[in-house]
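Trainee: I would like to go through this model with some questions about its contacts and surface. Please show it first.

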Amino acid sequence: MAAVPAVRFPLFGLVRLLGVAAAAVILVWAVHFRGGMALSAEKDKLLIFNVHPVLMLIGLVVLNAEALLAYKTVPGTKKLKKLVHITLQFLAMFLSLVGLWAVWKFHDEKEIDHLYTLHSWLGLSCIIIFSLQWAAGFLTFWYPGGSRSNRASLLPWHVFLGVFLYVLAIATSVTGLLEKSIFMQSAKMIGRFSTEAMLMNSLGMMLILLGALVILAIFNPGAGKIDTYRGSSE
């Protein structure tokens, strides 16, 4: 089996820096370039749509990254690490559900068809699987808790699905940025080489780099003080 590359740089610090930067960029895009966000709007329905990418990215990409790495970055007992992990993922799930509701409401009020793009299929799949994964993890590893053998048998699948879902979240975010950019360019809302278009492209590249670093941090035995995420079902 091939070894994981050795890390010679502050991996967790870079992950957090990229996560904060990605959250800041999507907020700048929504507020500065797209006019803000709102859960209800009489005239500019796009304000409702803008809630969607902001909450999805902050939830399923930024907070989820912190949750995946909690077993390596959070000091203290195993129980505390587990609590931080499930809490951050619950917040990520909650934000993603609000984000899904916002885009669904936008489509309804603008009389746009639902679920006709690859991005929407990826996003809905991500939210459904993420919610099921969280529920199964909560019941098995937290409360009421499964038997030791059940935890041990579920753990490899739990880890695999966690990594898979993070990759899926990155893919969904990037296709969403691409889709929105193409729509706006086709509608002559932005130019192909406008500042906004370049900002969206840069955010997409940032997300791909963030995804690569998060996966490296998960599987690198030298990253973090204790690699309990992969090594224990307790």
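Mentor: Helices here are DSSP runs of H or I with at least four residues, numbered from the N terminus. Keep in mind that this is a predicted model.

Trainee: Where is L115 placed?
Mentor: L115 is partly exposed, with a relative accessible area of 35%. Together with W104, L118 and W121, L115 makes a nonpolar surface patch of about 450 Å². Its place is in the loop between α4 (78-110) and α5 (118-142).

Trainee: How many residues apart in sequence are the parts that R16 and E66 tie together?
Mentor: The side chains of R16 and E66 meet in a salt bridge at 3.0 Å, N to O. R16 lies in helix α1 (residues 11-33) and E66 in helix α2 (residues 46-68), so the parts tied together are apart in sequence by 50 residues.

Trainee: Are R34 and E196 buried or exposed?
Mentor: Their side chains form a salt bridge of 2.8 Å, N to O. R34 lies in the loop between α1 and α2 and E196 in helix α7 (residues 195-219), so this pair ties together parts 162 residues apart in sequence. Buried means under 20% relative accessible area, and both R34 and E196 are buried.

Trainee: Which residues are linked with K45 in a network of salt bridges?
Mentor: The side chains of E109 and K45 meet at 2.7 Å, N to O, in a salt bridge. This pair links distant parts of the chain, with E109 in helix α4 and K45 in the loop between α1 and α2. In the network, K45 is linked with K105 and E109.

How values were computed: Residues numbered from 1 in each chain as written. Predicted model: local features only at pLDDT ≥ 70, side-chain atom pairs only at ≥ 80, totals over all residues. Heavy atoms only, no water. Patch = residues over 30% accessible without salt bridge, like charges linked within 9 Å, V, L, I, M, F, W, Y side chains within 5 Å. Areas by Shrake-Rupley, 256 points an atom, 1.4 Å probe, with all protein chains shown as cover. Salt bridge = Lys/Arg side-chain N within 4 Å of Asp/Glu carboxyl O. Helix = DSSP H or I, 4+ residues; strand = E, 2+ residues; numbered from the N terminus. Buried < 20%, exposed > 50% of the residue type's maximum accessible area, 1.4 Å probe, protein only.
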